[in-house]
Amino acid sequence: MAEKIIYRHNVMDITSLDTFFRVRGGFNNNIRDVYFVRALGECHDFLEKIQEIDKRMGMESLKGKIRYLRIGELSSIPGEDKIRMYAHMYDQWKHNKILILSQVKKNDLLNETIAKALLKVEEIYRHSKRNVSDSILRNFSIKLLFWLEDKAGLCFHNWSEKSCIKILLENVVKEQEYMFGYFLSLLGCDVLLLENRGDVNIPEEMEKLSKTMILGNYGTIKLCQYVPPVQEKRRDEGKPLIQVSKIPKRATVVVNDGKIPSPIYKREIPEEKSFEELAKMASSIVMITVHGWDDNAIGTGSGIMIGRKGYILTNYHVVEGGKFYSVRMEDDEEIYFTNEIIKYNWTLDMAVIRINKELEPLFIYRGSKKLVRGQKVVAIGSPLGLFNSVSDGIISGFRKIRDTDMIQFTAPTSPGSSGGAVLNMYGEVIGISTAGIDKGQNINLAVGYENILMFAKGFLDHV
């Protein structure tokens, strides 16, 4: 059994953003000093200050001095599969008092710390609110565990009681989101609630858990998504490059009878291609190797070039849990490293990553004709690490999986194909290969072009 850790909150006053990010909580005699602070309003240089903090904290993270994360929004409800997984973890914990999260199985001290923190947060939540049933408390705790791994999981790889972790939560408005901040502080994190639009409305017992810092009057500034910098090495230089991504501006028009907003495209009427011609389009499909926190490869997948400025579409389950990614493409000996996950959606199982490379993107189908069963398709991906394998088949059906419309197709795929392209005979992407049925023969699924257009519309610039 690991020694008991005591977390002591707010032992000194925090009066500025700089003070919060400079202070490093001490750890002596198994007592760890942590800070849980609400920063209210906006100072006159608020946006510039946050951008400077992001840059400075990101650089310190690269050097291994701290771990820093700014979370813009907490998703309210996990998907059904996630709910079942965390519900099982929670019920097992209630039964045998042992809580084991999927990403921290080998860290007994962290699992014990999480279990103790959850118990304390549940106690405060129950006492602060009236008529909290066991079912409500269970759902609340499941949401905390989901947020912990989904939003902050990367901060807890190789965690120890001495880890210095700084987490900034933007504009928390709900009690459960506020208690998630307190929950993180019980795991040794210094947590700042950046409430520039208005303070959270919570019971007095909850409010006492945090200290208040006044920055100025409330405002309306909305921050861009924080993307951690990545340390990247080029063969020709051997020196680290620090790159911070920016979300591209979106220029849209309405197509397909107003159903799908999309970037402006200039596209001639396509001609049907031979299989040999379609196979050449593999040059716009990449293989993605996922690296864990020990820097070793932990998996592979595929990706589709969708934007000239380095934007690659893949599956969320391909990149989930990785520390960084290495990307290979045809006719290029260079290996491109990145940890830039620009955007993701767990329900659609899609993510966009970015590399520092000019790309030749594929064209996403626009729906000029309805897809039909029996229609010929070609799938390109890297199954089992076999770089850019090409297979052909047909559309065999249309399914709805977890409320998401899917294309069922017969072109053979295997693990590693995920994130690859499903093309029609004109070389247009009609879907992104997402899953296969292990017990079925050539039963494979792809998320369709409609969802790709909606999800990735800000990154598509093929002309």
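The chain folds into 10 helices and 25 strands, taken as DSSP runs numbered from the N terminus (helices are H or I with at least four residues, strands E with at least two). This is a predicted model, in which local features need pLDDT of at least 70 and side-chain atom pairs count only at pLDDT 80 or more, while totals for chains, interfaces and linings use all residues. Residues are numbered from 1 along each chain as its sequence is written, and side-chain values use heavy atoms, leaving out hydrogens and water.

**Overall picture**
- Of the 463 residues in the chain, 52% are buried, meaning under 20% relative accessible area with a 1.4 Å probe, protein chains only.
- Among contacts (heavy atoms within 4.5 Å) with a separation of 6 or more, 69% join residues 24 or more positions apart.

**Nonpolar cores**
- The largest nonpolar core has 55 residues, and Phe156, Ile167, Tyr178 and Met179 have the most contacts inside it; such a core is a set of buried Ala, Val, Leu, Ile, Met, Phe, Trp, Tyr and Cys residues joined through side-chain atoms within 4.5 Å.
- At least two residues of this core come from each of β5 (67-71), α3 (80-96), α4, α5, β6 (165-170), α6 (175-185) and β7 (189-195).
- A second, separate core holds 42 residues, including Tyr311, Met425, Val429 and Ile452.

**Where α4 meets α5**
- Helix α4 (residues 108-128) and helix α5 (residues 134-152) have axes that come within 11 Å and cross at roughly 135 degrees, with axes fitted to C-alpha atoms over the stretch in contact and angles running from 0 to 180 degrees between N-to-C directions.
- On the α4 side, the contact residues include Leu118 and Tyr125, and on the α5 side they include Phe140 and Leu144.

Notes:
Buried means under 20% relative accessible area, exposed over 50%, partly exposed in between (1.4 Å probe, protein chains only).
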